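Please have the sequence and the 3D view open as you read.

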Amino acid sequence: MKSKIYLIAIASTILLITPIALWAAVPINPAIPSTSTSLTADDLVQLGLKQFRAQKFDLAIASWQQALNLYQQQKNSKGAINVLETLAEVSKMLGKYEKAISYSQQLLALAQSIGDRRTEANALGNMGNNYRVVGNYAKALEVQNQGLAIRKELNDQQGEGQVLASLGNIHYDLGNYRIAESFFQRSLKIAKAVGNGNGIVSLLNSLGAIAGTQEEYPQAIKYYQQSLNNARKIGFREAEGNALNNIGTNYHVQRKYKEAIPYYEQALTVAKELKNPRLEGAAVGGLGLAYVFLEEYDKALSLQEQSWQLAKQIGDRRLEAMTLANWGYTLWRSQKYAEAEQKFLTSLNLLESLRSNLNDGDKVSIFDTQLHAFNLLQLIMVAQGKPEEALEIAERGRARAFAELLSRRVSSSSASKVDQKNDSTIPTLSSVSIIDIRRIAKQQNAVMVEYSLIADPSFIGQGKLKGEFIKLYIWVVQPSGAIAFREVDLTKINISIVDLVADIRSLFNDAKAIVRDPKEVLDKYADLKQLNSILIQPIQDLLPKDANTRVIFLPQGLLFLVPFAALINPQNKFLIEKHTIQIAPAIRVLDFTHQLKQQLQKVNLQEVLVVGNPTMPSLGNPPMQLPTLLGAEKEAKAIASLLNTTFLTGDRATKTEVVEQMKSARFVHLATHGLLEEYRKGEIPGAIALAPSSTDDGFLTASEIVTMRLNAEMVVLSACKTGQGLLTGDGVIGLSRSLITAGVPSVVVSLWAVPDEPTALLMTEFYKKFQTESNKAQAIRHAMLATKAKYPDPLNWAAFTLIGEN
């Protein structure tokens, strides 16, 4: 049975519309009766209404602005509130979002000054919706949550539903689709309870968008059609236009381009009628992409330029970046590579600007929705004969959030604790240049091999789009700085690389099928030979002849699951027999782990922490204690003896005690249970089982580790699956990433569960070698070869890998 791997492979972007303000926002209010001294202001309000209905929007805004000035002079708060609400709503409608935010800020200040909590909540909600549109997601989340607290305080159920929907929109943009769906469903429940027709229409549309991200296209169409039918019944034209556009996208992602076009055209008609530039830009962009696939390139290019101009006009950076990417994609399909390159570079700069002030989890999620631009730009660079520039883009498109966390960790030498919740202090990193890459290769004195999986750009979809990989780009960087580029055509292989890796993973997840005869090993792992032909043979001539020279592999996506040490060459030799191997998520990360190691040399800690077989915590409902690991206790005892120290076991190995000792340890070895999704608290998967106490349940989570400040030179997690995690564009999100972020430059983790006896032998041999020569990668290689001699099956010896600094 194949193990399921979640993959991300994004091509060009369809502009899916989730409503800006999901429910009917602030209406254009009639004048409020007032005293005779404010007749002039009231007249201006009425004049503005007439001008608005005549679609003389600039004149209407000018009239209302004059009315506002008069109301403010007269200290007429009700009149000022009325006009500010109207100005904010009309500015939003016209796509002037920054102006709308300014009016809402004025409205908020006024409401707070007179204690009008309902108006305060309205201002916060509208402000949050507009912050979302301009790409300031951190601020959008902040003000929406403030508004949500007020809605609950006022027992305003309908208002609470509006805010929940708006929070769903923000998380949709960030790529947090499960969170978004939860918000939408909660909001829909309220909308139905209070009979809010507009809310129901818009939320059905939003749930259709969520279904589209999961490739559940029939369900998406069902939601969109319900939204469309209801919108027409109640005359909600904006929602009607959104639903029409999204039905078009749904046909589009299924490559039914001719079916998609009429829906885009209907959406465009609605957008022009409403003078809604956001909807117009989305519909025009969708039409442009449809014509690309119908190979009508001139028409497609004209439409993409129009879409970009509309996005730029309204100041929506996310929409502008998407339209530029679509324009670049169209240029690429037209073989206008230089122009396509410029469009994508500009798009990337805009996309990266959206990440400022987000927390780490949201940075990872939003980055996963942006991978299409990095994917296509690499294709464009290679098509122009620029492989080194393509390497710069490949580096720019991986481990960005991780590198930013490490940058802060390296630079915060005076801090006592890394505060995961306050990411506003994380510096924005410049892109890695070829000069930097050559410098890091020389610094590492190792051969660096970077892989990039290129998806089929003809696959189009919504959000995190998926498609088959068609190419594998490989760069080999020598310690001298010489860079070689190789390309593998994955379409000529008789099995997809996704299925190949899944088949290999299933072999290593079956501990009952261990074989001992070397010939049986080769028969069992024939897939490892085929994977070697893809990953290693194209660059074999570029790898070092000296087995002691390190090779640092920099995988991407599902390649993080590959046991590189166990790859088998045509001569039936495992890769570990020929090379010393190390893993890193990005070249930039290697630079930071090197800096961490240099900082630790100044600390000069000598303590060693060894833990084996703690009293196991309980898991599940009803709670069941995890099984004891007598082999782990035996392993810890042997290692403690080698390192001339004691070890913690049983009731002494509590989470509290282990965490306290980790803070002052130079080396940490934890032999216990490792968990992935079985126990998860916080955003990051992964936990280490320790003895519980009266104050905790015994599980040390990856989310807790990332907030620690450690000075350990190396942490070894001798536990199951500690090298696994959530596969993202930022690398593997799990225990290893958390430990390195906490300040540990070198981490040894496992990719699968390994039997006790081979693990104990491997770890003992590792520390024996490491005591005589402080080269971690060579010590791992020595330990693997020693274990392989007694236990030939790679399941017994190939699971552990060194990540980070050697």
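Which residues are buried in helix 2?

## Helix 2

The buried residues of helix 2 are Phe57, Ala60, Ile61, Ser63, Trp64, Ala67, Leu68 and Tyr71. They lie on the same side of helix 2, because they cover an arc of only 160 degrees around the axis; the arc is that of the directions from the helix axis to the C-beta atoms. Asp58 and Gln73, on the other side of helix 2, are exposed. Here, buried means under 20% relative accessible area, exposed over 50%, and partly exposed in between (1.4 Å probe, protein chains only).

The length of helix 2 (residues 57-73) also fits: its 17 residues should span 24 Å at 1.5 Å a residue, and its end C-alpha atoms are 24 Å apart, which agrees. The expected span is 1.5 Å times one less than the number of residues. After helix 2 comes Lys75, with a positive phi near 55 degrees.

## How to read the model

This is a predicted model, where local features need pLDDT of at least 70, side-chain atom pairs count only at pLDDT 80 or more, and totals for chains, interfaces and linings use all residues. Residues are numbered from 1 along each chain as its sequence is written, and side-chain values use heavy atoms, with hydrogens and water left out. Helices (H or I, at least four residues) and strands (E, at least two) are DSSP runs, numbered from the N terminus.

In strand 1 (residues 447-455), 9 of 9 residues are buried. Both faces are covered: Val447, Val449, Tyr451, Leu453 and Ala455 are on one side, with Met448, Glu450, Ser452 and Ile454 on the other.

Strand 1 runs parallel to strand 4 (residues 550-554), joined by 4 bridges, and Glu450 has Leu554 of strand 4 as its bridge partner. With strand 2 (residues 469-477), strand 1 pairs in the antiparallel sense over 8 bridges; there, Leu453 stands opposite Leu472. Two strands pair if DSSP finds at least two bridges between them.

An open sheet of 3 strands has the order 11-12-13, with antiparallel pairing. Strand 11 (674-675) and strand 13 (699-701) each have a single partner strand, so one side of each is left without a neighbour in the sheet. Between strand 11 and strand 12 (residues 687-689) there are 2 bridges, and Leu675 stands opposite Ala687.

## Val382 and its contacts

Val382 belongs to helix 18 (residues 371-383) and counts as buried because its relative accessibility is 18%. Leaving aside residues up to four places away in sequence, Val382 touches Ala390, Tyr473, Phe485 and Glu487, where contact means heavy atoms within 4.5 Å. Val382 and Glu487 are 105 residues apart in sequence and 9.6 Å apart in space, C-alpha to C-alpha.
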